[in-house]
Amino acid sequence: MSIRHATLHQLKIFAAVARHMSFARAAEELHLTPPALSIQVRQLAEAVGQPLFDQIGKKIYLTAAGEALTSACHDVLDRLEYFTQEIAALQGLEKGSLKVATLSTAKYFIPRMMGGFCTEHPGVVTALFIGNREVLLERLARNQDDLYILGQPPEHINVVAETFADNPLVVVSRSDHPLASEKDLEPSRLRDAPFILREPGSGTRLAAEKFFEQHGVVLRTRMEFGSNEAVKQSVAGGLGIAVLSASTIHAELASGELTILDVRGFPLERKWYAVYPAGKLLSPIVRAFMKYLFVASAHGQNEPNLGK
């Protein structure tokens, strides 16, 4: 049997197994029995002429042939989805799917933007994944989603990155902090302040550490967390100060629970990026959502009031 005779059904099954790295989870997703799924994968491997998976203990791993077929499957399935949406557009319909993966820092405005987009395009089925930078880069490398919202494009993956909004970083404290009423604070004034930091590898943390290192300040870390909510709660509890994206503190600024310290050099000017793998063929729906992001951001839908 030649690979030319492989069926679309078999490619979808293989793509699901490669995505989950689990026959059982792929079978559950596709509503198949594990034996039926295994037969299809075995027939596909016979068509390729090489094994697609290695099994070591209870875990499976893609072989070199499996890695190559994974890339081919993405190309085929993405092109079919694109074709489906093109036909729908020609018929005056709006049908299809949109899968977006975003940093947890952007969860304060991306769901709202997706909601607005869905209101304008009710026929689109959407899915939103929220995670930290490490997880998003893994998903990006596997091309698991249509679009990725990042604060800094990766350097080790070939991608297209388009800026669509500002992402200023600010220093925040509890409203009654001793430095809250001071103006134009030198960064060195924060040398002995306890900091609540995001986890290592976080783009926000990397930017903060780079800034203070340039000013000869080593941050005194009291705590580190994997979520903005935990950081904000710790700052509100008086445990320290933090550097956060301004997009994460709308509610706390409005309630007066937190305030922005007037530190010289802040806000740190950063951007939000819509990212996708280089060479990826964007469907009409994805292009429409990107356009919506640019327009909505131009109208300031994700900007907090940074005034003191």
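This is a predicted model: local features need pLDDT of at least 70, side-chain atom pairs count only at pLDDT 80 or more; totals for chains, interfaces and linings use all residues.
**Figure 1**
The buried residues of the helix are Asn228, Val231, Lys232, Ser234, Val235 and Ala236.

**Figure 1. The salt bridge between Lys232 and Glu252.**
The side chains of Lys232 and Glu252 form a salt bridge, with N and O 3.1 Å apart. Because Lys232 belongs to helix H8 (residues 228–236) and Glu252 to helix H9 (residues 250–255), the pair ties together parts that are 20 residues apart in sequence. Both Lys232 and Glu252 are buried.

**Figure 2. The salt bridge between Arg205 and Glu224.**
Arg205 and Glu224 meet through their side chains in a salt bridge of 2.8 Å, N to O. Arg205 is part of helix H7 (residues 203–214) and Glu224 is part of strand S9 (residues 220–225), so this pair ties together parts that are 19 residues apart in sequence. Arg205 is buried, with a relative accessible area of 11%, whereas Glu224 is partly exposed at 42% relative accessibility.

The model has 13 salt bridges by the rule applied here. One of them joins Arg264 to Glu186, whose closest N and O atoms are 2.6 Å apart. Arg264 lies in the loop between strand S11 (258–260) and strand S12 (271–277), and Glu186 in the loop between strand S7 (169–174) and strand S8 (194–198); the pair therefore ties together parts that are 78 residues apart in sequence. Asp184 is linked with Glu186 and Arg264 in a network of salt bridges.

**Figure 3. The largest nonpolar core.**
In soluble globular proteins, nonpolar side chains tend to be buried together. The largest nonpolar core of this model has 35 residues, and Leu98, Ile110, Ile149 and Phe164 have the most contacts inside it. At least two residues of this core come from each of strand S3 (96–103), helix H5 (110–120), helix H6 (133–141), strand S5 (147–150), strand S6 (159–166), S12 and helix H10 (284–298). H10 gives the most, with seven residues. Leaving aside residues up to four places away in sequence, Phe164 touches Phe109, Ile110, Ile149, Trp272, Tyr273, Ala274, Leu293, Phe294 and Ser297. A second, separate core has 21 residues, among them Leu190, Leu197, Phe212 and Val243.

**Figure 6**
Six of the seven residues of S12 are buried, which leaves the strand mostly covered. S12 runs antiparallel to S5, and three bridges join the two strands. Within this pairing, Leu150 has Tyr273 of S12 as its bridge partner. S6 and S12 are also antiparallel and are joined by seven bridges. Here Ala165 stands opposite Trp272 in S12.

S8 is mostly covered, with five of its five residues buried. In a regular strand the side chains alternate between the two faces of the sheet. In S8, Pro194, Ile196 and Arg198 point one way, while Phe195 and Leu197 point the other way, and all are buried. S8 and S9 run parallel and are joined by five bridges. Arg198 has Phe225 in S9 as its bridge partner.

**Figure 4. A nonpolar patch on the surface.**
Leu8, Val76 and Leu80 form a nonpolar surface patch, and together they have about 210 Å² of accessible area. Leu8 is found in helix H1 (residues 8–20). With 36% relative accessibility, Leu8 counts as partly exposed.

How values were computed. Residues are numbered from 1 along each chain as its sequence is written. Side-chain values use heavy atoms; hydrogens and water are left out. A salt bridge is a side-chain nitrogen of Lys or Arg within 4 Å of a carboxyl oxygen of Asp or Glu. Helices (H or I, at least four residues) and strands (E, at least two) are DSSP runs, numbered from the N terminus. Buried means under 20% relative accessible area, exposed over 50%, partly exposed in between (1.4 Å probe, protein chains only). A nonpolar core is a set of buried Ala, Val, Leu, Ile, Met, Phe, Trp, Tyr and Cys residues joined through side-chain atoms within 4.5 Å. Contact means heavy atoms within 4.5 Å. Two strands pair if DSSP finds at least two bridges between them. Patches are made of residues with over 30% relative accessible area and no salt bridge: like charges are joined within 9 Å, nonpolar side chains (Val, Leu, Ile, Met, Phe, Trp, Tyr) within 5 Å. Accessible areas come from the Shrake-Rupley method with a 1.4 Å probe; for residues, only the protein chains shown count as cover.
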